[in-house]
Amino acid sequence: MKLFGVFVRKERWGISWQGWLIVLTGIVVAFCLCLFRIYPFLAVTHRVNTNVLVVEGWIHEYAIRAAVKEFQSNHYQRVFTTGGPVVGSGGYINDFCTSASVGADLLKKWGLPDERLEMVPSRVMDRDRTYGSAVALRNWFLDHNMAVSGIDVVTEDVHARRTRLLFQKAFGKDVQVGIIGVANVDYPANRWWHYSQGLKNVVSEFAAYLYARLLFFPSEQAHPRKMARLSPVHD
C-alpha cells in the first residue's frame with residue numbers, strides 16, 4: 001500500500017498472447033462454420049413414406065415448378081396448398097385471395113391435375129403464419145375424416161427446417177412430417193453471403209428458427225384423441 005492506503009497493488013490474471021491466439025482462432029473457426037454449415041442446416045430435405053404432398057402457397061414460382069416435378073416423379077396421390085390472406089399492392093388485406101389459392105393456380109398452370117389438388121387456406125395473416133397454415137391443414141384432415149400417417153411439405157430451402165418444426169408441432173408426434181427444400185435460384189447455396197438477399201434470408205430464417213425452437217409455445221395444441229384418427233394409415 002502507498003500513501004496511507006490510498007493506493008493498493010494487487011496481482012491479477014491476464015490473457016497472454018497465446019491465450020489471445022486461441023480466442024481469435026476460436027472466433028475464426030466459429031465464423032467459418034457459420035458460413036459453410038448454417039445454410040445446409042436450414043435447407044434440409046427429408047422425405048417420408050407418404051402419398052400426400054403439401055405445398056406452401058407463398059413460395060416463388062420456381063419452387064412451384066419444382067413441386068409439380070416432385071409430384072410427377074413420385075407416388076403422391078393428393079396435393080394440398082396452404083397459406084393465408086394476401087396483401088394487395090395498396091397494402092390492403094384481400095381476404096378472398098389467399099396464398100393457398102395463388103399457389104393452387106400456379107400448380108395448375110404448370111401441369112398439376114386439378115382433380116388431385118385441394119386448397120386449404122388459413123386466416124392467419126401476421127404472426128405464426130406457417131404454424132397457422134399447418135393447423136388449418138390438420139383441421140381439414142379431421143373435418144374430412146382423412147387419415148394420414150405422414151406428409152411431405154414443399155417450401156423454399158432456408159425456410160425448410162422451420163417449416164418442418166412448426167408442422168410437426170401442429171400435427172403432433174403421431175404424424176411424420178417430411179420436408180422438401182427447393183434451392184433458391186437467386187443465389188448459390190455455397191456463396192450465399194456474397195448476396196444481400198442471401199444474407200438477409202439466412203440471418204432472418206436462423207433467428208426465426210431459434211425463436212420457433214426455443215420460445216414458441218403454441219396455444220392450440222394437437223388434441224390427442226383427435227390426432228389418433230390421423231395416425232394409422234394413409235389412403
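Author: Read from the N terminus, the elements of the protein chain follow the order α-β-α-β-β-β-α-β-α-β-α-β-α-α. The model is predicted, with local features needing pLDDT of at least 70 and side-chain atom pairs counting only at pLDDT 80 or more, while totals for chains, interfaces and linings use all residues. Residues are numbered from 1 along each chain as its sequence is written, and side-chain values use heavy atoms, with hydrogens and water left out.

Helix 4 covers residues 129-143, which is 15 residues. Because twelve of the 15 residues are buried, helix 4 is largely enclosed by the rest of the structure (buried is under 20% relative accessible area, exposed over 50%, partly exposed in between, with a 1.4 Å probe and protein chains only). The buried residues run from Thr130 through Tyr131, Gly132, Ser133, Ala134, Val135, Ala136 and Leu137 to Arg138, and also include Trp140, Phe141 and Leu142. For the protein chain of 235 residues, the buried share is 42%.

What follows helix 4? Asn145, just after the helix, takes a positive phi of about 50°. Asn145 is a residue other than glycine, and its place is in the loop between helix 4 and strand 6 (150-156). With a relative accessible area of 61%, Asn145 is exposed.

Helix 4 also contributes to the largest pocket. At least two residues of the lining come from each of strand 3 (85-87), helix 3 (99-109), helix 4, helix 5 (160-171) and helix 6 (196-214). A pocket here is an open set of points on a 1 Å grid over the protein atoms alone, where a 1.4 Å probe fits, with protein on both sides within 12 Å along at least five of seven lines; lining residues have an atom within 4 Å of a point. The lining counts 40 residues, and those nearest the centre of the pocket are Trp58, Arg129, Thr130, His159 and Arg162. Of these, Thr130 is also among the buried residues of helix 4.

Helix 6 gives the most to this lining, with eight residues. Glu205 lies in helix 6 and, at 12% relative accessibility, counts as buried. Apart from residues up to four places away in sequence, Glu205 touches Leu42, Val158, His159 and Arg162 (contact means heavy atoms within 4.5 Å). His159 and Arg162 are among the residues nearest the centre of the pocket.

Helix 3, another contributor to the lining, has its own set of buried residues: Ser99, Ala100, Ser101, Gly103, Ala104, Leu106 and Leu107. Leu107 has a relative accessibility of 1% and counts as buried. Setting aside neighbours within four places in sequence, Leu107 is in contact with Val55, Ile64, Ala67, Val68, Val79, Thr81, Leu112 and Leu117. One of these, Val79, is 28 residues from Leu107 along the chain, and the two C-alpha atoms are separated by 9.6 Å. Just after helix 3, Gly111 takes a positive phi of about 105°.

For the protein chain as a whole, among contacts between residues at least 6 apart in sequence, 78% join residues at least 24 apart.

Methods:
Helix = DSSP H or I, 4+ residues; strand = E, 2+ residues; numbered from the N terminus. Expected span 1.5 Å × (residues − 1).
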